[in-house]
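The sequence and structure come first, and the notes follow.

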Amino acid sequence: MNRIVLFVLILLLFAVAATFAWWALSLPGAVTFPYGEQEISVQSGLAAFLLLILGGVIAFVWWIVSGLFILPGKIGKNRQVSRTRKANSALTEGLLAAEAGDANTALKLARKAAKHADDERLQLLLEARAAEANDDWAGAERAWGQLTRLPGGQLAGLRGSATAAAERGDQQTAEARAREALGIKSNADWPFNSLFDLQVSRGEWTKALETLSIGEKRGLIKGDSLRRRRAVLHTARAVGLPLGSKLEAQKELAEALRSAPAFSPAAWHGARQLMTDDKAKSAQTVLETGWKARPHPALAQLSRRLVPQDAPENIAARLKELINSNPQHRESRILEAELSMDAADWTAAIKALALLVEEKPTARLCLLMERALKGYGDTSEADRWGRMAVSASREPDWSDLDPKGMAFDFSQRDWSRLVYAFGDVGDLVHPRYESFGRELEAGRVVALPAPGEEDDVATPKAPDERRMPPLDYVTDDD
């Protein structure tokens with residue numbers, strides 16, 4: 001189709017040219033001009049045609065002459081375009097090689113880009129990426145540092161410098177670069193995250209709290225994640241304070257509990273601090289606050305021991321308050337079964353535990369069922385549940401209680417993990433569970449480390465009432 005159109009256009013062009021030539025040659029008159037002593041006469045149409053050709057020749061000559069004048073500029077421009085194309089190609093291929101981990105190719109292309117690139121920022125970017133791909137963190141930091149001094153490259157250079165410094169183990173320099181970047185007004189969130197992560201990894205809880213406040217003011221972190229991270233940091237700081245700073249520790253734990261009542265370690269350590277000051281009522285209030293938000297067996301264990309050598313009815317009353325604050329939770333139902341066993345109401349305990357075991361059989365529940373059946377007098381069935389406990393799954397929360405008497409006895413590394421595990425997701429970490437640490441025997445009361453304090457849990461005795469069939473724990477009448 002295109003060839004037909006072209007052919008038609010050429011025919012039309014020839015037709016127009018022929019028509020013009022015929023018209024020009026048919027014009028009347030002549031043009032006379034002197035040539036020496038003679039006069040030459042040319043027909044008007046031919047003269048016009050020759051004049052037209054002469055104009056074309058003059059235009060062609062002028063185009064050639066002017067082209068000679070602008071030719072050097074065009075040659076320079078073409079060379080610049082070629083150089084830019086080579087530089088862009090080297091930069092693109094070099095960055096791709098660096099991202100792919102091809103360190104040697106990235107270095108070669110970085111040298112090639114250095115010869116052709118006009119923008120020094122791109123050259124330094126490729127040089128830094130190539131050095132990173134080659135694990136040359138000192139070279140990468142040097143390139144990133146040069147980039148920070150160029151317009152528009154400060155933030156990117158500081159980020160690269162902080163990363164490179166951290167990779168070569170210079171945490172102090174990495175923190176300084178992140179702090180410098182945080183002082184620049186921008187929407188980037190990496191300065192906050194980098195600085196916060198460095199401080200948390202080193203256990204610098206006070207500095208991390210200050211950085212968290214900066215992130216809050218800039219809108220870089222908010223909502224539940226902000227409150228939960230703050231709770232973990234306040235708790236970790238309180239736990240790390242010396243014994244002489246008890247009042248400060250209590251303030252930190254109170255702030256943690258206000259930020260996130262569901263953070264069980266804050267409630268436990270806060271109640272523990274009040275307990276050592278003989279403020280059992282206040283400690284119980286703290287435990288109830290934590291239990292209402294998120295029941296945890298460590299809180300119930302501490303509630304039992306708030307008052308040394310306390311009467312059983314007082315202990316039961318405190319535990320009842322915990323249950324009433326969150327009655328439908330699984331831990332509250334387990335605690336209800338334990339209270340029934342404490343009162344030697346074995347039938348009620350067995351019924352409650354049977355329902356719990358049906359939902360999720362664990363080693364802890366199997367051992368509680370064993371204890372209840374022994375108290376009831378069904379030793380053979382109790383032995384069966386004891387054997388089941390050997391292969392049943394463990395409960396992560398139950399592992400937070402150390403048989404020696406402490407709970408949530410975390411290392412600095414564990415607290416650092418909690419900042420993100422609980423702060424961002426709402427989950428607790430369980431170091432003793434992960435390391436298969438020894439667990440407190442289910443049904444026993446943890447002995448807090450206090451001089452002269454002994455565990456006064458009495459051995460359960462079977463009631464005098466008639467024994468129920470061991471497998472029919474829940475009847476239709478209930």
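## Aromatic cluster

Phe263, Trp268, Phe408, Phe410, Trp415 and Phe422 make up one aromatic cluster. The model is predicted, with pLDDT of at least 70 needed for local features and 80 or more for side-chain atom pairs, while totals for chains, interfaces and linings use all residues. Residue numbers start from 1 along each chain as its sequence is written, and side-chain values rest on heavy atoms, with hydrogens and water left out.

Seven aromatic pairs are present in the structure. Rings of Phe, Tyr and Trp (its six-membered ring) are paired if their centres lie within 6.5 Å; planes under 30 degrees apart count as stacked, over 60 as edge-to-face and the rest as tilted. The ring centres of Phe263 and Trp415 are 6.5 Å apart and the planes meet at 65°, so this pair is edge-to-face. Phe263 sits in the loop between α11 (246-259) and α12 (264-276), and Trp415 in helix α20 (residues 412-425), so the pair ties together parts that are 152 residues apart in sequence. Helices here are DSSP runs (H or I, at least four residues), as are strands (E, at least two), numbered from the N terminus. Both Phe263 and Trp415 are buried; buried means under 20% relative accessible area, exposed over 50%, and partly exposed in between (1.4 Å probe, protein chains only).

For Trp268 and Phe408, the ring centres are 6.5 Å apart and the planes lie at 75°, so the pair is edge-to-face. Trp268 belongs to helix α12 and Phe408 to the loop between α19 (379-391) and α20, so that the pair links distant parts of the chain, 140 residues apart. Trp268 and Phe408 are both buried.

## Salt bridges

The structure holds 27 salt bridges, each defined as a side-chain nitrogen of Lys or Arg within 4 Å of a carboxyl oxygen of Asp or Glu. One of them joins the side chains of Glu175 and Arg202, at 2.2 Å from N to O. Glu175 is in helix α7 (residues 171-182) and Arg202 in the loop between α8 (190-201) and α9 (205-217), so the bridge ties together parts that are 27 residues apart in sequence. Glu175 is buried at 9% relative accessibility, whereas Arg202 is partly exposed at 29%. Both residues are members of a salt-bridge network that links Glu175, Arg179, Arg202 and Glu204.

Arg230 and Glu216 form a salt bridge at 2.9 Å, N to O. Arg230 lies in helix α10 (residues 223-240) and Glu216 in helix α9, so the pair ties together parts that are 14 residues apart in sequence. Arg230 is buried, at 17% relative accessibility, and Glu216 is partly exposed, at 37%.

In the salt bridge between Glu338 and Arg304, the closest N and O atoms are 3.6 Å apart. Glu338 is part of helix α16 (residues 330-342) and Arg304 of helix α14 (residues 297-304), so parts that are 34 residues apart in sequence are tied together. Glu338 is buried at 8% relative accessibility, and Arg304 is buried at 10%.

## Glu132

Glu132 is located in helix α4 (residues 120-133). With a relative accessible area of 15%, Glu132 is buried. Not counting residues up to four places away in sequence, Glu132 touches Trp137, Ala140 and Trp144, where contact means heavy atoms within 4.5 Å.
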